Amino acid sequence: MDLAAEYNNRALVPDHPAVFARWQEEAQAFRESTPAKLDISYGARPRNRFDFFPAPGGGGQGPLVVFIHGGYWRSLDKNLFSHVSRGPNAMGLDVAVVGYTLCPEVLVSDIIDEMRQCCLFLGQTYGRRLIVSGHSAGGHLAAAMAATDWQLYGARPDLIQACLSISGVFDLRPVMATPMNEDLRLTAAEALAASPLFWPVPGRVPLDSWVGADESFEFLRQARSLPAAWAGLGIPCRYEALAGHNHFSIGDLLSHPDHPMTLRLAEFARS
């Protein structure tokens with residue numbers, strides 16, 4: 001198997017520049033149309049920021065949705081994904097779209113720690129449980145938050161109420177064989193340590209893993225792997241491959257209030 005080709009989503013989806021341009025346009029329009037609070041700091045590094053998008057009338061007391069952007073831990077920005085808040089907001093859910101430091105400035109394990117710092121900040125600041133979601137590398141980071149033992153960080157053990165991962169990568173070992181590793185600098189030990197597929201799971205956080213049916217064999221395999229493993233541990237899991245969608249067309253479907261992924265977030269919030 002040509003792992004470099006399997007993980008090269010931009011080559012597999014030649015029109016990705018148009019998708020990125022649409023994301024940027026829709027995200028900016030959404031930010032300008034809502035009473036958002038932008039670039040709130042949760043840590044010391046410049047990209048340790050999140051944007052807070054309140055639901056109309058205030059989501060208030062329910063869980064807070066956290067969305068983590070993708071880009072193989074080394075590109076893109078939270079500002080491309082502001083509009084994914086539209087769907088959850090319509091369901092009455094407040095959303096935090098978060099950013100993080102990119103590789104090669106840091107390692108993937110450092111980004112995981114930054115996301116933990118962000119979740120701790122959000123939990124303490126808003127006094128609410130979190131539903132974590134993310135696309136691609138963000139799906140990996142969302143799963144890492146679901147598999148974290150929060151008691152080790154002085155937080156409530158049930159800080160994470162549920163996880164919805166979109167096209168997530170849960171075993172980082174194959175990524176070592178791709179050109180991206182020049183930036184990621186994954187060693188065998190680092191790849192294992194940063195792969196939630198191999199972590200002990202401290203609780204029973206419900207997990208959804210969604211993926212585009214038109215994605216590569218490896219991304220379909222990755223998306224199946226974590227719910228299969230966690231279901232064997234008694235954790236409520238769900239795997240969905242969306243027909244007609246590739247790695248990028250699936251990336252912002254949460255912006256649609258009536259999309260099944262958005263409705264799943266609402267279900268998680270009620271559970």
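Predicted model: local features only at pLDDT ≥ 70, side-chain atom pairs only at ≥ 80, totals over all residues.
Residues are numbered from 1 along each chain as its sequence is written, and side-chain values use heavy atoms, with hydrogens and water left out.

**Overall build**

- The protein chain contains 10 helices and eight strands, where helices (H or I, at least four residues) and strands (E, at least two) are DSSP runs numbered from the N terminus.
- Taken along the principal axes, the C-alpha atoms of the protein chain fill a box of roughly 50 × 40 × 35 Å.
- Of the 271 residues in the protein chain, 56% are buried, a word that means under 20% relative accessible area, whereas exposed means over 50% and partly exposed lies in between (1.4 Å probe, protein chains only).
- The accessible surface of the protein chain comes to about 10500 Å², and 54% of this belongs to carbon and sulfur atoms; such areas come from the Shrake-Rupley method with a 1.4 Å probe, and for residues only the protein chains shown count as cover.
- Among contacts in the protein chain with a separation of 6 or more, 78% are between residues 24 or more positions apart, and contact here means heavy atoms within 4.5 Å.

- The largest pocket has a volume of about 310 Å³, and it is lined by 20 residues, of which Tyr7, Arg10, Tyr72, Arg74 and Met180 lie nearest its centre.
- The elements that give two or more residues to this lining of the largest pocket are α2 (9-12) and α3 (16-33).
- A pocket is found on a 1 Å grid over the protein atoms alone, as an open set of points where a 1.4 Å probe fits, with protein on both sides within 12 Å along at least five of seven lines, and lining residues have an atom within 4 Å of a point.
- By class, the lining of the largest pocket has nine nonpolar, nine polar and two charged residues.
- The second largest pocket holds about 160 Å³ of space, and among its 16 lining residues Pro157, Asp158, Gly203, Arg204 and Val205 lie nearest its centre.
- At least two residues of the lining of the second largest pocket come from each of α6 (137-146) and β6 (160-166).

**Backbone details in loops**

- The peptide bond from Cys103 to Pro104 is cis, with omega near 10 degrees, and Pro104 has its place in the loop between β4 (95-98) and α5 (108-126).
- Trp73, although not a glycine, has a positive phi of about 60 degrees; Trp73 is found in the loop between β3 (64-68) and α4 (86-90), and it counts as buried because its relative accessibility is 0%.
- Arg185, also a residue other than glycine, has a positive phi near 60 degrees and is found in the loop between α7 (181-184) and α8 (188-193), where it counts as partly exposed because its relative accessibility is 41%.

**A residue in a strand**

- Glu240 is found in strand β8 (residues 237-242) and, leaving aside its neighbours within four places in sequence, is in contact with Ser209, Trp210 and Val211.

Notes:
Points joined across faces, edges and corners; volume = space filled by probe spheres on them. Nonpolar A, V, L, I, M, F, W, Y, C, P; charged D, E, K, R; others polar.
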